[in-house]
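Please keep the sequence and the structure in view while reading.

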Amino acid sequence: MKDIAQRAGVSESAVSFALNGRPGVSEITRDRVRRVAEQLGWRPSTAARALSGEGAATVGFVLARPAETLGVDSFFLQLVSGIQEVLAERHLGLLFQMAEDVDDECAVYRRWWAEHRVDGVLVADPRTADPRPDLLEELGLPAVVIGGAPDEHHPGLSTVWADDAGAMASVVDELYARGHRRIAHIAGLPGLAHTERRIRALRAEAARRGLTEVHSVTTDYSDAAGAAVTRRVLEVAAPQRR
């Protein structure tokens, strides 16, 4: 700031007003200060802005899953790529961290909030009994819940959701139309809200069609677990044809 003031021939306070868009300097002075700042390669300090309450220009994303499953789950790789693409357009950073469990994830939120590390967070994998929405509301930390339900309302939290029940109904309709009557569902992690929604939808559609040999088997999303469960399901003896 001192270098800019000397080069522009103004006071340091004028530089502060000009660079932060505050009143107190003329437009001519503001333009001169900005040109000098650009010539000197000046950029605002996100750490200083965070401490002054102006925001950290960073969005946080904590994922409470086994680290070894991240590399084999193409959904999350595409999700992070899409998030980063949008944030980069707005010159925002992404702070990503793995957590052991939801309690650990909540501890990360408290630390980020206390340190002014992020302006908001992205929350993945909503649980059936989830402490995170209440915590984020208590902290006043803006959040977007990925994979929530449209009927879940938390003031200050936004939700991006998919029609899990409708998708599962479409799958059952297609299998039924093709003549399949024994359906196995290789599901994701137990306790996740969308896993439970899909299982309930499968059971409801099966009951509506009078299907009794329909069940779901949960996995940890890894390819190894999915393959092992699929093998077990396929090894079950097929019913005798008459």
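Predicted model: local features only at pLDDT ≥ 70, side-chain atom pairs only at ≥ 80, totals over all residues.

In which loop does S26 lie? S26 belongs to the loop between α2 (12-19) and α3 (27-39). With a relative accessibility of 39%, S26 counts as partly exposed. Its side chain makes a polar contact with the side chain of T29, at 3.0 Å. S26 can also be placed relative to A14: the two are 12 residues apart in sequence, and their C-alpha atoms are 9.5 Å apart in space.

The wider setting may now be described. The protein has 11 helices and seven strands. Of its 242 residues, 35% are buried. Among the contacts with a separation of 6 or more, 55% are accounted for by residues 24 or more positions apart.

T58 has a relative accessible area of 17%; because buried means under 20%, T58 is classed as buried. Leaving out residues up to four places away in sequence, T58 touches G93, L94 and L95, as well as R117, V118, D119 and G120. Of the elements concerned, β2 comprises residues 93-98 and β3 comprises residues 120-123.

Helix α6 (74-89) can be examined by its length and by its sides. At 1.5 Å a residue, its 16 residues should span 22 Å, and the end C-alpha atoms are 23 Å apart, which agrees. F76, L79, I83 and L87 are buried in α6. These residues cover an arc of only 60° around the axis, so they lie on the same side of α6. The general rule behind such a pattern is that an α-helix has 3.6 residues a turn, so residues three or four places apart point the same way. The face of α6 turned away from the buried side carries the exposed residues Q78, E85 and E89.

H91 is situated in the loop between α6 and β2, and it is exposed, with a relative accessible area of 71%.

D125 likewise calls for attention. D125 has a positive phi of about 55° and is not a glycine. Its place is the loop between β3 and α8. Is D125 buried or exposed? With a relative accessible area of 5%, D125 is buried.

D125 is also one of the contacts of R132, a residue found in helix α8 (residues 132-139). R132 is buried, its relative accessible area being 0%. A polar atom of the R132 side chain lies 2.8 Å from the backbone oxygen of A124. Apart from its neighbours within four places in sequence, R132 is in contact with V102, E105, C106 and Y109, together with V123, A124, D125, P126 and R127.

D164, M168, A169 and V172 are buried in α9. They cover an arc of only 130° around the axis, which puts them on the same side of α9. Against which elements do the buried residues of α9 pack? They pack against β6 (182-187) and α10 (193-208). Just after α9, G179 takes a positive phi of about 95°.

Helices α6 and α10 meet again in the description of the second largest pocket. This pocket has a volume of about 360 Å³. Its lining consists of 19 residues, of which F75, I146, G147, H194 and R198 lie nearest its centre. The elements that give two or more residues to this lining are α6, β4 (143-146) and α10. The greatest contribution comes from α10, with three residues.

Terms used: Residues numbered from 1 in each chain as written. Heavy atoms only, no water. Buried < 20%, exposed > 50% of the residue type's maximum accessible area, 1.4 Å probe, protein only. Helix = DSSP H or I, 4+ residues; strand = E, 2+ residues; numbered from the N terminus. Arc of directions from axis to C-beta. Contact = heavy atoms within 4.5 Å. Polar contact = N/O pair within 3.5 Å; in protein donor to acceptor, adjacent residues only side chain to side chain. 1 Å grid on protein atoms, 1.4 Å probe; cavity = no way out; pocket = protein on both sides within 12 Å on 5 of 7 lines; lining within 4 Å. Points joined across faces, edges and corners; volume = space filled by probe spheres on them. Expected span 1.5 Å × (residues − 1).
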